[in-house]
Number of protein chains: 2
Amino acid sequence: MPVLIDVSGTLLVGDVPTAGAVEALQRLREAGVPFRIITNTSKESRQAIVDRLRKHNFDVRDEEVFTALSATRRLILSRNLRCAFLLRDSVMQDFEDVEQSNPNAVVVGLAPEKFDYAHMNAAFHILFQGGTLIAINKSRYYKTEHGNDLAAGSVVAALEYASGKEATIVGKPSPDFFKLALDDLGSSAADTFMIGDDINDDVAGAQRVGCRGVLVQTGKYTAHVLEQSGVQPDVIAPTFADFVDRFLGGEFAQ
Amino acid sequence: MPVLIDVSGTLLVGDVPTAGAVEALQRLREAGVPFRIITNTSKESRQAIVDRLRKHNFDVRDEEVFTALSATRRLILSRNLRCAFLLRDSVMQDFEDVEQSNPNAVVVGLAPEKFDYAHMNAAFHILFQGGTLIAINKSRYYKTEHGNDLAAGSVVAALEYASGKEATIVGKPSPDFFKLALDDLGSSAADTFMIGDDINDDVAGAQRVGCRGVLVQTGKYTAHVLEQSGVQPDVIAPTFADFVDRFLGGEFAQ
């Protein structure tokens, strides 16, 4: 039974691995469990995420990591869009071959230095003229070392409201994004567990494509948010490592 | 039969009066028609609006102008809120007696210089800790001399989405705001016309409290937006002055 694994809040909180996560991933690999790491982050290129995971001794291969940014690049090129990017300069290397003149689309990720009136108003003008709105993700907030900070979804919501357009959301909980990783694993949804700290994007999103959703109680998890969500995870585990122990112990085998 | 009159897009577009508007307001006064000018603007204090109208030769008295900013001040004081303000410095004179330390509320108006990540994130933290969200208005965009620019509603929507809280909207289309002006006129809603260029905030909002809604085809009006809205104005007029001519000519008398 394969697993899909979230990064932020699950393997890492801020820049610190969750308890036992490095060893747990290693045990999954040694047990021959197929896995992919799927992340909604819009702050880092795939290479930067892979490098950061390796810096913390996670044993990952480039091709095991699926990012919403690379899925976005694929979508843009397939639709021949000319894009204005509300993205950090540091991830723009992933979009070097995208046309940016005379834009007919706006791409939004987490880019604090571009979340200002001038950038948002310029994006609004493109949408108001008929442009397309693409969101890397629509996260409400994310857990940092010092608390919860506003995520990209806030500006996506701002632009949707002002323009009356609905964004195409590329990352989780988009079914297409989960399917990309499942196709690559060659596994069926019904056999697959998705492990993450976001009750909506990770758990409910995975459940909607037929996976089993595992909620970890790290990262942005709170009992209050779980209760408010109305979502029923298939499994709740204190940490990623705890789930892996139970998983390898055969608790979920049928 | 009294009338309520919007400012931006109706009496003025940008800083230019709509055709014949100055003389039309004068004719209303001379005919003894009771009126109030009600504006959602969060960019200017009431005094600044009155001064600007007078600069363009509109004959208005201070007490004839109702602003969402003054209604907001009243609301804040009545609920003893301590506020963080996303408002232009130039309107802060209206809030000098409001406590700002240790805030338990966020007040949002159009404040381009404060629509940045640091301000929005600080506001989010207050809301996430249980604070109250108050919006001067929730306008999507507004008409300027050079096009349409993003309005305060975008940042209200951003904060609502991230925090999961619904804002209290003080200005139009809030029923309380219309009622304030109606009470002051001592007139019943059924007798009163509301004239404005915003199909939702002006026309639908007024209709919901029982007024008749008049849509002018200046300012942000477009046939497309009207059609999309599904709202049926009681009257559509090319300009404020045109409506006043028909109104004084007895077209709507019963």
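Student: Which residue caps the N-terminal end of helix 7 of chain A?
Tutor: This is a predicted model: local features need pLDDT of at least 70, side-chain atom pairs count only at pLDDT 80 or more, and totals for chains, interfaces and linings use all residues. Helices (H or I, at least four residues) and strands (E, at least two) are DSSP runs, numbered from the N terminus. Look for a side-chain oxygen 2.9 Å from the backbone nitrogen of Asn200(A). The cap is Asp198(A).

Student: Is helix 7 of chain A largely enclosed or largely open?
Tutor: Residues are numbered from 1 along each chain as written, chains are lettered from A and ligands numbered from 1 in written order, and side-chain values use heavy atoms, without hydrogens or water. Buried means under 20% relative accessible area, exposed over 50%, and partly exposed in between (1.4 Å probe, protein chains only). The buried residues of helix 7 include Ile199(A), Val203(A) and Ala206(A). Seven of the ten residues in 199-208 are buried, so helix 7 of chain A is largely enclosed.

Student: Which residue takes a positive phi just after helix 7 of chain A?
Tutor: The angle is about 100 degrees. The residue is Gly210(A).

Student: How much area do chain A and chain B bury between them?
Tutor: Buried area is the accessible area (1.4 Å probe) that two parts lose on being put together, summed over both. Carbon and sulfur atoms carry 68% of it. The total is about 2400 Å².

Student: Which residues of chain A lose the most area to chain B?
Tutor: There are 25 residues of chain A in contact with 25 of chain B. Three in chain A together make up 34% of what that side buries. They are Tyr117(A), Leu150(A) and Tyr161(A).

Student: How many salt bridges and how many polar contact pairs does the rule find across the interface of chain A and chain B?
Tutor: A salt bridge is a side-chain nitrogen of Lys or Arg within 4 Å of a carboxyl oxygen of Asp or Glu. A polar contact pairs N or O atoms within 3.5 Å; within protein, one must be able to donate a hydrogen and the other to accept it, and residues adjacent in sequence count only if both atoms are side-chain atoms. The rule finds zero salt bridges. For residue pairs in polar contact (both at pLDDT 80 or more), the number is 16.

Student: Which element of chain A gives the most to the side that touches chain B?
Tutor: Helix 4 (117-128), strand 9 (141-144), strand 10 (147-150) and helix 5 (153-163) each supply at least two residues. One of them gives seven residues: helix 5.

Student: Where is the cis peptide bond that joins Lys172(A) to its partner, and what is omega?
Tutor: Most peptide bonds are trans. The partner is Pro173(A), in the loop between strand 11 (168-169) and helix 6 of chain A. Omega is about 5 degrees.

Student: Is Asn57(B) buried or exposed?
Tutor: Asn57(B) sits in the loop between helix 2 (46-55) and strand 5 (65-67) of chain B. Its phi is near 75 degrees, a positive value in a residue other than glycine. At 60% relative accessibility, Asn57(B) counts as exposed.

Conventions. Contact means heavy atoms within 4.5 Å.
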